[in-house]
Amino acid sequence: MKVIAAYLLAKLGGNENPSVADLKKIFESVGAEIDQEKIDLFFSLTKDRDVTELIAVGREKMAALSSGGPAVAVASGGGGGAAPAAEPAAAESKKKEEEKEESEDDGGMMSLFD
């Protein structure tokens with residue numbers, strides 16, 4: 001994964017064709033271990049291929065593997081807008097309840113740290 005991440009980081013940085021040396025430079029800059037075999041494998045598998053095309057193919061495969069949940073909503077265009085909006089509201093009310101419980105139980109400290 002870190003080889004892919006370094007490659008994409010180099011691409012985002014403006015390097016249209018990152019090389020093995022570019023990836024090594026990124027790894028060295030963060031003190032990461034360099035695995036030459038994985039770097040060579042990555043470049044052999046992605047040789048003469050467009051990264052955006054590879055990402056699109058990967059997304060299609062992930063959508064096909066999904067058995068429900070957020071990935072399906074993203075792949076289908078997000079047709080069910082009401083369900084995701086309800087989740088933050090539920091999380092917010094739960095958070096308020098937790099804060100209320102914490103404030104009620106001072107543990108005998110009489111709001112020493114409030």
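Visitor: Which residues of helix 2 meet helix 3?
Guide: This is a predicted model. On the helix 3 side, the contact uses Gln36, Ile39 and Phe43. By class, the residues of this contact divide into five nonpolar, one polar and one charged. The helix 2 side consists of Val20, Leu23, Lys24 and Phe27.

Visitor: What orientation does helix 2 take to helix 3?
Guide: The axes of helix 2 (residues 20–30) and helix 3 (residues 36–46) come within 11 Å. They cross at roughly 140°. The crossing is right-handed. Angles over 145 degrees would count as roughly antiparallel, so helix 2 is oblique to helix 3.

Visitor: How is helix 1 oriented to helix 3?
Guide: The axes of helix 1 (residues 2–12) and helix 3 come within 9 Å. Their crossing is right-handed. The angle is roughly 60°. Roughly perpendicular starts at 65 degrees, so helix 1 is oblique to helix 3.

Visitor: Which residues of helix 3 make the contact with helix 1?
Guide: Helix 1 brings Val3, Ile4 and Tyr7. By class, the contact has six nonpolar, no polar and one charged residues. From helix 3 come Lys38, Ile39, Phe42 and Phe43.

Visitor: What kind of aromatic pair do Phe42 and Phe43 form?
Guide: Their rings lie 5.6 Å apart, centre to centre. The planes stand at 80°. Over 60 degrees counts as edge-to-face, so the Phe42 and Phe43 pair is edge-to-face.

Visitor: Is Phe42 buried or exposed?
Guide: Its relative accessibility is 14%. Buried means under 20%. Phe42 therefore counts as buried.

Technical notes. Residues are numbered from 1 along each chain as its sequence is written. This is a predicted model: local features need pLDDT of at least 70, side-chain atom pairs count only at pLDDT 80 or more; totals for chains, interfaces and linings use all residues. Side-chain values use heavy atoms; hydrogens and water are left out. Axes are lines fitted to C-alpha atoms, for helices over the stretch in contact, and angles run from 0 to 180 degrees between N-to-C directions. Helices (H or I, at least four residues) and strands (E, at least two) are DSSP runs, numbered from the N terminus. Angles under 35 degrees count as roughly parallel, over 145 as roughly antiparallel, 65 to 115 as roughly perpendicular and the rest as oblique. A crossing is left-handed if the near helix is turned anticlockwise from the far one by less than a right angle, and right-handed if clockwise. Contact means heavy atoms within 4.5 Å. Ala, Val, Leu, Ile, Met, Phe, Trp, Tyr, Cys and Pro count as nonpolar, Asp, Glu, Lys and Arg as charged, and the others, Gly among them, as polar. Rings of Phe, Tyr and Trp (its six-membered ring) pair if their centres lie within 6.5 Å; planes under 30 degrees apart count as stacked, over 60 as edge-to-face and the rest as tilted. Buried means under 20% relative accessible area, exposed over 50%, partly exposed in between (1.4 Å probe, protein chains only).
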